[in-house]
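Today I opened a structure that was new to me and kept short notes.

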Amino acid sequence: MNKQIKRRQKKLHFRIKKALEKRKNIKKFTPTIEQCQSWFRTFNRGMFGGKLTEPIFIVRRMIYDWGICVADWDNRKCRKGTFNQRIIPYHVPIDYRIELHNKYPTWKDFIETLAHEMVHLYQMQVRKDPYSNHNANFYSWRETFKRLNFRLYQ
C-alpha cells in the first residue's frame, strides 16, 4: 500500500473514532440526506480511493432492510445482488441510489449500514460484478471493516 492510501485510511479511522466517541450515547438515530452525503464522501475518499460516483440517497421507512443499493437503467429497477452483466447494458447510463432506513438503534448502526451499501455500490460501479451480492468479492472488504471496528455484515 502506498503512503497516500495509508494516510487517507488513518485519517478516516481517526475521524470515525472521534465521531463514535461523540455520538456513543445517541439512541434511535434518524439520518438526514446531508449526513448520508457527507459520510459517503468521507468513506469514498478513505476506503474507496474516490472511485465511487455519488448516488442518489433516499431515507425512508423500510420493513425488512436497513439499507439497499439499487441500479436503475432504462427506467427498470434492480436490487443489489439480482442484476446480471449479460442483461445490464453497461454502455448506457445507469443511475444508482442507496436507500437507507429512517431509524437506527445507534449512530454506529447507521454508519456501518452506509459503508456496507457502499461496498455493493463498489461492486456495481468499479468491479462490474455481475451479481453484486455477498460473495467473495464482497467479503474481501472484511479486513478493511475490521480495522475500522465495523461489522461488514449486519
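Below are my entries on a helix pair and a pocket.

**Entry 1: ground rules.** I noted that this is a predicted model, where local features need pLDDT of at least 70, side-chain atom pairs count only at pLDDT 80 or more, and totals for chains, interfaces and linings use all residues. Residues are numbered from 1 along each chain as its sequence is written, and side-chain values use heavy atoms, with hydrogens and water left out.

**Entry 2: two helices.** I looked up helix α2 (residues 33-46) and helix α3 (residues 107-125), whose axes come within 10 Å and cross at roughly 60 degrees. Helices here are DSSP runs of H or I with at least four residues, numbered from the N terminus. The axes are lines fitted to C-alpha atoms over the stretch in contact, with angles from 0 to 180 degrees between N-to-C directions. That angle makes α2 oblique to α3; oblique is what remains after under 35 degrees (roughly parallel), over 145 (roughly antiparallel) and 65 to 115 (roughly perpendicular).

**Entry 3: who touches whom.** From α2 I listed C36, W39, F40, F43 and N44, and from α3 W107, F110, I111, L114, A115, M118 and L121. Contact means heavy atoms within 4.5 Å. These residues divide into eleven nonpolar, one polar and no charged.

**Entry 4: a pocket.** Which residues line the second largest pocket? I found R8, K11, L12, R15, T42, R45 and G46. Four of the lining residues, the largest share, come from α1. By class, the lining has one nonpolar, two polar and four charged residues; Gly counts as polar, and Lys and Arg as charged.

Key: 1 Å grid on protein atoms, 1.4 Å probe; cavity = no way out; pocket = protein on both sides within 12 Å on 5 of 7 lines; lining within 4 Å.
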